[in-house]
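User: Hi! Could you walk me through this model in plain words?

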Amino acid sequence: MNATPTHKPKIFRPEDVDYERPKRGLDEDDLRKQPTIYRDDMLAGKTILITGGGSGMGKATALLAARLGAQVAICGRDEEKLQTTVKLVKEEVGSDVLSVGTNIRDADAVEALIGKVHDHFGGLDTLVNNAGGQFPQDAIDFSRKGWLAVIDTNLNGTWWMMQEAAKRWREDGKPGNIVNIVANVERGMPQAAHTCAARAGVIYLSKTLATEWAQWNIRVNCIGPGVIETEGFRMYPEEALARFHKANPMKQRGNAWDVAEMIAYLASPAARFINGDLIVMDGGQAQWGVVWPAGMPDYFSEDGAA
Ligand SMILES: CCC/C=C/C(=O)SCCNC(=O)CCNC(=O)[C@H](O)C(C)(C)COP(=O)([O-])OP(=O)([O-])OC[C@H]1O[C@@H](n2cnc3c(N)ncnc32)[C@H](O)[C@@H]1OP(=O)([O-])[O-]
Ligand SMILES: NC(=O)C1=CN([C@@H]2O[C@H](COP(=O)(O)OP(=O)(O)OC[C@H]3O[C@@H](n4cnc5c(N)ncnc54)[C@H](OP(=O)(O)O)[C@@H]3O)[C@@H](O)[C@H]2O)C=CC1
């Protein structure tokens, strides 16, 4: 008979974060140097609102969208972080970003945010629901407060944003476009079951709304990132980070610019017929876990199969 497993992972909390740890992801100097495949004016005349625009993928997307000519609005809870994006875009592109401190869990604040974006720019073309996150823990040990915090942010917060944006589009008779950043949930997410549940909810909510809202010319799509190296990695212990790249056959981490370029594509006219889809960007992670019936190629043997 098997003994009861005694494994109990260390709980890693934001207050434990050692900010002297190695830099994670693209910093501002890196972002400034990123090339883009897109035409300079690809998003000219378009307005884009990015939640969680003060860091990581949200910050990269704000910069890219501004470079491509879009009017950019961002939101988040931490004013200081938001201002780093405002400053970066001003320095690099010369344009003003509208920054509105907002907790997406607060439906009234979300309604006010959508109103401010419309008042300021006269409308909204693309909403990017990027704000979100979770903490790593075995599901059996989740506190009630922790479970609720992750569901409230990733599922409810995303929904409040979608609904408020769509109400305005319907009222104004204008087309709309929603891009939801979710996660790679196809095979579940052990030690992140709360976020897996919330993101799976967002994916199927999006597929449903893509149909319900087509009558108002509102498109809804999701991007499912795999391991993307950003400041968000502060939520994970070094021991886990050392293994993240082994989760895909490319043995790499993606970066925030990879995701920003996909968002820009979905915000462009080229994506006008994409609706209700989930675009996975994970270096092949979803397919990884191979038995190699003819023997494992040397390329993989160093790290072993996932
Ligand atoms: C998987 C690899 C791929 C994915 C990568 C990424 O996504 S990278 C991007 C990653 N980026 C992000 O994830 C950024 C955004 N993430 C966040 O803001 C947080 O993770 C949040 C979603 C929990 C919200 O937090 P908040 O403070 O605003 O919320 P709050 O005050 O309402 O409730 C907090 C409650 O949650 C609990 N709890 C929290 N931590 C732990 C833990 N380590 N251990 C255990 N429990 C934990 C605890 O119960 C706590 O209450 P307490 O005990 O303090 O009274
Ligand atoms: N990096 C990765 O490997 C992966 C990331 N993702 C998801 O992609 C998205 C971007 O992540 P990434 O850039 O890596 O990480 P970050 O932690 O840098 O970005 C998360 C952003 O969400 C904002 N945010 C969190 N909660 C709220 C809230 N309640 N209201 C408003 N804003 C909020 C944060 O801003 P503030 O602190 O100011 O509130 C922050 O700017 C997240 O949803 C993340 O979970 C999914 C799969 C993989």
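Analyst: Happy to. Let's start with asparagine 217, which sits in the loop between α6 (193–212) and β6. Helices (H or I, at least four residues) and strands (E, at least two) are DSSP runs, numbered from the N terminus. This is a predicted model: local features need pLDDT of at least 70 and side-chain atom pairs count only at pLDDT 80 or more, while totals for chains, interfaces and linings use all residues. Residues are numbered from 1 along each chain as its sequence is written, and chains are lettered from A and ligands numbered from 1 in the order in which they are written.

User: What is the phi of asparagine 217?

Analyst: Asparagine 217 has a positive phi of about 60°, although it is not a glycine.

User: Is asparagine 217 buried, exposed or partly exposed?

Analyst: Asparagine 217 is partly exposed, as 14 other C-beta atoms lie within 10 Å. The cut-offs are: buried with 20 or more other C-beta atoms within 10 Å of the residue's own, exposed with 12 or fewer, and partly exposed in between, with C-beta atoms placed from the backbone.

User: And tryptophan 292, where is that one, and what is its phi?

Analyst: Tryptophan 292 is in the loop between β9 and α9 (298–301). Phi of tryptophan 292 is near 50°, again a positive value in a residue other than glycine. Tryptophan 292 counts as exposed because it has 10 C-beta neighbours inside 10 Å.

User: OK, switching to the sheet. How many strands, and in what order?

Analyst: There are 7 strands in an open sheet, ordered β3-β2-β1-β4-β5-β6-β9, and the pairing is parallel. The edge strands, β3 (98–101) and β9 (278–281), each pair on one side only. From one strand to the next, the twist averages 15°. Two strands pair if DSSP finds at least two bridges between them.

User: Which residues face each other around β4?

Analyst: Leucine 127 of β4 is the bridge partner of leucine 49, and leucine 127 also stands opposite isoleucine 178 in β5. The β1 (residues 47–51) and β4 (residues 126–129) pair is parallel over 3 bridges. Between β4 and β5, also parallel, there are 4 bridges.

User: How many residues of β5 are buried?

Analyst: 6 of the 6 residues of β5 are buried. Both faces are covered: Gly176, Ile178 and Asn180 are buried on one side, and Asn177, Val179 and Ile181 on the other.

User: Which strands does α8 lie across?

Analyst: Helix α8 lies across β1, β4, β5 (176–181), β6 (218–225) and β9, and it runs at about 165° to β6. Those angles run from 0 to 180 degrees between N-to-C directions, using axes that are lines fitted to C-alpha atoms, for helices over the stretch in contact. Contact here is C-beta atoms, placed from the backbone, within 7 Å of each other.

User: Why is α8 called largely enclosed?

Analyst: 9 of its 12 residues are buried, so α8 is largely enclosed by the rest of the structure. Among them are Trp257, Met262, Ile263 and Leu266.

User: Now the ligands. How many residues surround ligand 2?

Analyst: Ligand 2 has 29 residues around it, and the closest are Gly52, Gly56, Gly76, Gly132 and Gly232. The elements giving two or more residues to that shell are α2 (56–67) and α5 (144–172). A residue is near a molecule if its C-beta atom, placed from the backbone, lies within 6 Å of it. Helix α2 gives the largest share, 3 residues.

User: What about ligand 1, which residues are closest?

Analyst: The closest to ligand 1 are Gly133, Phe135, Gly146, Ala149 and Gly232, out of 18 surrounding residues.

User: How do the two shells split by class?

Analyst: Around ligand 2 there are 8 nonpolar, 16 polar and 5 charged residues; around ligand 1 there are 9 nonpolar, 7 polar and 2 charged. Nonpolar covers Ala, Val, Leu, Ile, Met, Phe, Trp, Tyr, Cys and Pro, charged covers Asp, Glu, Lys and Arg, and the others, Gly among them, count as polar.

User: Last one: is phenylalanine 233 buried or exposed?

Analyst: Phenylalanine 233 counts as buried, with 20 C-beta neighbours inside 10 Å. It lies in the loop between β7 (228–229) and α7 (238–244). Leaving aside neighbours within four places in sequence, phenylalanine 233 is in contact with Arg24, Gly25 and Leu241. Phenylalanine 233 and glycine 56 are 177 residues apart in sequence and 9.6 Å apart in space, C-alpha to C-alpha.

Definitions and conventions: Two residues are in contact if their C-beta atoms, placed from the backbone, lie within 7 Å.
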